[in-house]
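Below is a short briefing on one protein model and its ligand site. The sequence and structure come first.

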Amino acid sequence: MDQFIAKLPKAELHLHLEGSFEPELMFAIARRNKVEIPYRSAEEVRAAYRFANLQDFLDIYYAGASVLLAEEDFFDLTRAYLKRAAADNVRHVEVFFDPQTHTDRGVPFKTVADGIWRALCEGEKEFGITAKLILSFLRHLPEESAFATLKQAEPYLDRFAAVGLDSSEVGHPPAKFARVFAAAREAGLKLVAHAGEEGPPEYVWEALDVLKIDRIDHGNRSLEDPRLVERIVKDGLTLTVCPLSNLKLCVVKDLKQHPIKRMLDLGLRATVNSDDPAFFGGYVGANFEAIAAALPLTREDLRTLAANSFAGSFLSDAEKSAHI
Ligand code: HPA
Ligand code: ZN
């Protein structure tokens, strides 16, 4: 089965570049930038990666990202991800970055955007992976901060396919960002949002009805509301599901209880993604392998999940059919 999975052409639609920051690269960049990190080895860093919930993880994730300072750092981070994704036969990626995590520390937006962009352009030639970039707002910060970020992005809008919404979900419902999402839509961007990872089905409804998103990140808790499932199926929206993330953040107790098979059976367009692979123990190939081992998925199901990732991407119809 693992051979079959390895050979499937895949797209990855839910990946935080800051979440692909492997401890070895973190040490190398910290040394280069003369920044102290409170660990002695990569093994010690990995041993600290035990999370009871999303917030536990986010605290460590933001601390790790704080060693990123120069354009070269963002380039190296992005290139390392693309190289690793290529090894899993990933052909297309739509990746998040969190500008506020960096600009709030005094790193210029341009430094972040230029480093990532150069790596994506070079990566297309070197690894044959096409890429789209999603600017993600941090939902624990006020909407004004998201507006300021959108303003900073204005000179580079042609580099971004979409805006997203991530970070601490509960207590920060999608409607908090209604106006900035409307402005992003006006600017010609697609819209995605994390919803229903820890937050209730009502947050998914809001993301659909108030933000008017084009794709749902996670969406697990949608299954608690049959009317919501019906709506997502009717609208043909894609869910970017992240099995190992769900396990590590205790969204599911055991992968045997993971809802991805149920999602397919309900007619939802589910996809498999790695979210923050350096923190959750596996890239997209490992996520496929883990669900294939835990759930009664057929080869046809796995083929559907991989095909869904291209169908649910923001590639044009012509580009999609070249992949599928
Ligand atoms: N959820 C919310 N915010 C995030 C995540 C996630 O899974 N990963 C990185 N930021
Ligand atoms: Zn995520």
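Among contacts in the protein between residues at least 6 apart in sequence, 75% join residues at least 24 apart (contact: C-beta atoms, placed from the backbone, within 7 Å). This is a predicted model, in which local features need pLDDT of at least 70 and side-chain atom pairs count only at pLDDT 80 or more, while totals for chains, interfaces and linings use all residues. Residues are numbered from 1 along each chain as its sequence is written, and chains are lettered from A and ligands numbered from 1 in the order in which they are written.

**Overall fold**
- The protein has 17 helices and eight strands (DSSP runs numbered from the N terminus: H or I of at least four residues, E of at least two).
- Its radius of gyration is 18 Å, close to the 20 Å that the globule rule gives for 324 residues, so the protein is as compact as a globular protein of that length (taken over C-alpha atoms; the rule is 2.2 Å times the number of residues to the power 0.38).
- Of the 324 residues, 48% count as buried (20 or more other C-beta atoms within 10 Å of the residue's own, all placed from the backbone).

**Helix 16**
- Helix 16 covers residues 299–311.
- Its buried residues are Leu305, Ala306, Asn308, Ser309 and Phe310.
- These buried residues pack against strands 1, 2, 7 and 8 and against helix 17.

**Ligand 1**
- The residues around ligand 1 include His16, Asp166, His194, Glu197, Asp275 and Asp276 (near: C-beta atom, placed from the backbone, within 6 Å).

How values were computed
Buried ≥ 20, exposed ≤ 12 C-beta atoms within 10 Å, placed from the backbone. Contact = placed C-beta atoms within 7 Å. Expected span 1.5 Å × (residues − 1).
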